[in-house]
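Take a slow walk through this fold, one region at a time. Keep the model open beside the text.

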Amino acid sequence: VSRQLKEEIRRGFARLEDPLAGLLAMLESSSDWKGKGHSLGYCITTELQLWIKAHPAVPQSGTKLKKLQARVLGMLSQCPANLLDPLISIYQLHTADRNYLLEHVSHLYLQGNYKEAAILSIKLKLQPDQDVEKMCTPLLLQDKANLVEEYVAEYPELQRKLLQTLDTWCDPSFNIRDITRPYQGLSKYKPEKFNRRVLSKLVFRLLERFNVDSALCPNVINQRHLRTLNYLFYKRFVEKTMTEENWADHIQSTVGENQWLQEHLVQSLLRHCDTRGAAWWAQRCQVPPEMLPQAVAEELQKLHIQDRVEELTKADNYEASKKKDYYQLPIPRENIHFLQTWEETLQCWEKVLQPGQVVGVDMEWKPSFGMVGKPRVALLQLALKDEVFLLDLPWLLEQAEAEGEKEKLPHFIQMLYSDATITKLGYGMSGDLSSLAATCSALKDTEKQMQGVVDLLAVDKQVDGLSPEHSHEERGVRQPEKGLSLLVQHVLGKPLDKTEQLSNWEKRPLREEQILYAASDAYCLLEIYERLCKDPESFGLGSNLTDSLVGKQSKKPRAKKQLNKQEAPSPSGQECQGPRMEPSRPPAPISPQEFSVVCDNMLQGLGRYLRCLGVDVRLLDNEDDHRKAAEIARQEGRVILTSGLPYRTLCSQVGEGRCFSVNCSEKAKEQALQVLKHFNVQVSLGDIFSRCQ
């Protein structure tokens with residue numbers, strides 16, 4: 001706004017006998033102020049607000065002010081957002097009669113202006129006198145979860161009430177239609193956004209944002225634990241990639257003493273084992289005998305702790321005979337040091353913080369399986385040429401805090417990352433540093449300060465021939481390698497053994513397998529770097545490898561690293577391309593309107609993206625069996641989009657070229673581009689959002 005206009009506005013106020021009434025009269029007689037942006041009405045209002053501060057005698061009180069407040073309240077529901085605060089301030093609405101304000105908001109609510117009622121309540125701080133469930137339900141039905149968060153943001157008691165309400169709605173026995181029925185005619189109603197899956201995600205977001213005890217939401221937590229339980233059974237008995245010890249650790253920490261989960265554990269054991277096997281595992285997982293079916297309880301009495309069930313050990317994929325298939329540490333076991341005291345750690349830092357040193361850095365944390373909060377680092381690995389140091393980070397931080405020196409360990413870690421003379425090697429460093437910051441707030445700016453880093457994740461897209469299908473014949477049914485394991489295989493000849501990746505890294509003492517895995521994860525970075533620097537051309541890299549990589553880090557690693565370690569993917573989300581018959585020439589181009597697909601469970605993001613581009617999409621729910629995709633494909637002539645292990649099964653149930661496996665480690669946009677390219681779907685501007693209402 002020009003200075004001249006501002007001065008003219010202020011002179012106008014000075015000439016008015018009653019500037020407050022004058023502003024209202026102007027706004028009531030003009031529709032200009034209702035538009036978005038900085039209208040003339042907005043400029044005049046904000047100038048009056050500043051002018052009043054300079055002339056404190058102007059504000060009125062008593063009956064006259066009440067009449068002005070009544071008039072301005074009637075305007076607020078039509079106000080653009082940027083005018084609300086100035087008008088509330090000018091007309092001192094915080095001093096108005098509270099019951100009168102509540103009555104006005106209630107009137108807005110009854111007229112169906114739920115958003116306006118909520119915004120005005122937030123501005124006037126009326127929430128403590130309102131029913132949080134009543135105010136928030138229509139907002140959630142209209143997919144306005146952000147406004148709901150803002151509504152309860154400053155009121156812990158309301159946060160708890162809202163979370164308890166949402167948790168009640170997530171109870172499997174609760175009929176959600178009881179909530180939606182009174183709002184059938186609601187404008188902008190989005191029923192697809194109001195289901196248990198969406199609501200449980202909101203609950204976890206609110207629990208984390210407001211730092212509320214998750215025990216307040218038993219239904220949502222139990223359902224999440226049940227999904228974890230099913231995933232663990234898949235890893236152990238179907239995919240067979242989890243060791244017995246590792247699996248038992250996670251089962252015990254997931255189920256605990258929760259009777260509901262113990263019942264589901266017993267049911268799953270009976271589905272995957274015989275009665276004797278179920279009894280052995282029930283004993284191992286400390287399930288109370290009274291919860292077992294009679295046949296299992298009888299079998300339990302015959303068992304002794306030292307008994308082994310031959311049937312169960314078949315699932316183990318960690319036999320010594322298979323070790324030769326994997327990368328092996330070239331240093332002796334006595335050169336791997338597990339550090340739990342400050343004296344040991346100091347000796348480690350003296351060796352690590354040497355100019356010209358090359359250090360392989362990695363971190364481990366307990367998988368969260370989708371629970372609340374960022375993962376906290378349980379182990380920090382530092383690999384040098386002749387030895388590897390494993391730092392018990394939680395214990396060392398706790399010790400330092402007890403001694404009143406909680407800054408000394410973060411200080412050394414910052415020195416390491418910020419020293420340009422020390423080369424730090426990592427894989428997905430951004431993800432590791434994010435978890436490091438969650439573990440110790442003093443390290444939150446480490447990523448901004450670091451120098452001399454080589455993130456080998458940046459090599460992924462540069463190394464020739466690096467793809468999930470690369471040379472994994474003769475390895476039986478084992479999963480194709482990916483991530484760091486794939487890079488190790490390509491550069492050093494053998495992949496990493498990732499059996500211990502999803503271990504409980506917080507449990508002490510660490511098992512020998514965990515110690516060897518953690519040391520290998522850090523040490524292999526040194527060997528990869530040395531090999532690539534010696535002969536970059538043979539891997540399709542430029543000769544100035546060191547110059548091009550030092551100081552660079554991938555922008556992608558956070559999501560990738562978090563997926564690998566923090567939140568295990570669902571069984572259907574394992575990256576497994578499978579052998580695909582690529583046509584000799586691309587298919588004839590088709591429009592999105594002619595392309596019909598069914599997306600397997602866990603690919604809803606891809607399905608929604610394709611639908612936005614005009615593709616005819618049907619989505620499976622996460623609870624649906626994969627075979628349902630084949631039924632729909634056959635009945636409706638659709639192409640199946642899937643990923644991971646179900647690909648081969650579904651391929652055999654539909655015609656050639658009617659099933660496609662996407663890369664589940666990619667985001668929805670990249671997956672969609674992959675699908676469109678494969679089927680030669682040509683998207684025009686008119687197709688975009690053509691199926692959206």
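Is K424 buried or exposed? K424 is buried, because its relative accessible area is 0%. This is a predicted model, and every value here is computed from it. K424 sits in strand β5, residues 423-426.

K424 has no salt bridge. The nearest side chain of opposite charge belongs to D419, at 5.8 Å. The K424 side chain does reach a backbone atom: the oxygen of I422, at 2.8 Å.

Now look at what surrounds this lysine. Leaving aside residues up to four places away in sequence, K424 touches V359, V361, L416, Y417, D419, M429, Q451, G452, V453 and V454.

Step from β5 to its partner strand. β2 and β5 run parallel and are joined by three bridges. Within this pairing, G360 stands opposite L425. Strand β2 covers residues 358-365, and seven of its eight residues are buried. β2 also pairs with β3, residues 377-383, this time antiparallel and over six bridges. There, D362 has Q381 as its bridge partner. In regular strands, side chains alternate between the two faces of the sheet.

Strand β7, residues 596-599, meets strand β8, residues 616-619, over four parallel bridges. C599 stands opposite L619 of β8.

Zoom out for the whole chain. The protein chain has 32 helices and ten strands. It counts 693 residues, of which 49% are buried. Take the contacts between residues at least 6 apart in sequence: 69% of them join residues at least 24 apart.

After α5 comes Q92, with a positive phi near 50°.

Most residues other than glycine have a negative phi, and most peptide bonds are trans. D143 has a positive phi, near 60°, and is not a glycine. D143 lies in the loop between α8 and α9. Its relative accessibility is 34%, so D143 counts as partly exposed. N680 also has a positive phi, about 55°. N680 lies in the segment after α32. At 16% relative accessibility, N680 counts as buried. The peptide bond between R508 and P509 is cis, with omega about 0°. P509 lies in the loop between α25 and α26.

Which charged side chain does R508 meet in a salt bridge? The partner is D392, at 2.9 Å from N to O. This pair links distant parts of the chain, 116 residues apart: D392 lies in the loop between β4 and α21, and R508 in the loop between α25 and α26. D392 counts as buried at 2% relative accessibility. R508 is partly exposed at 28%.

Other salt bridges share partners. They join D616, R618, E636 and R638 into one network.

How many salt bridges does the structure hold? The total is 31. Side chains of opposite charge can pair when their charged atoms come close. E157 is partly exposed, with a relative accessible area of 41%. R160 is partly exposed too, at 35%. R181 and D178 make another bridge, 3.2 Å from N to O. R181 counts as partly exposed at 49% relative accessibility. D178 counts as partly exposed at 42%.

Terms used
Residues numbered from 1 in each chain as written. Predicted model: local features only at pLDDT ≥ 70, side-chain atom pairs only at ≥ 80, totals over all residues. Heavy atoms only, no water. Pairing = 2+ DSSP bridges. Helix = DSSP H or I, 4+ residues; strand = E, 2+ residues; numbered from the N terminus. Buried < 20%, exposed > 50% of the residue type's maximum accessible area, 1.4 Å probe, protein only. Lys, Arg positive; Asp, Glu negative; His and termini not counted. Salt bridge = Lys/Arg side-chain N within 4 Å of Asp/Glu carboxyl O. Polar contact = N/O pair within 3.5 Å; in protein donor to acceptor, adjacent residues only side chain to side chain. Contact = heavy atoms within 4.5 Å.
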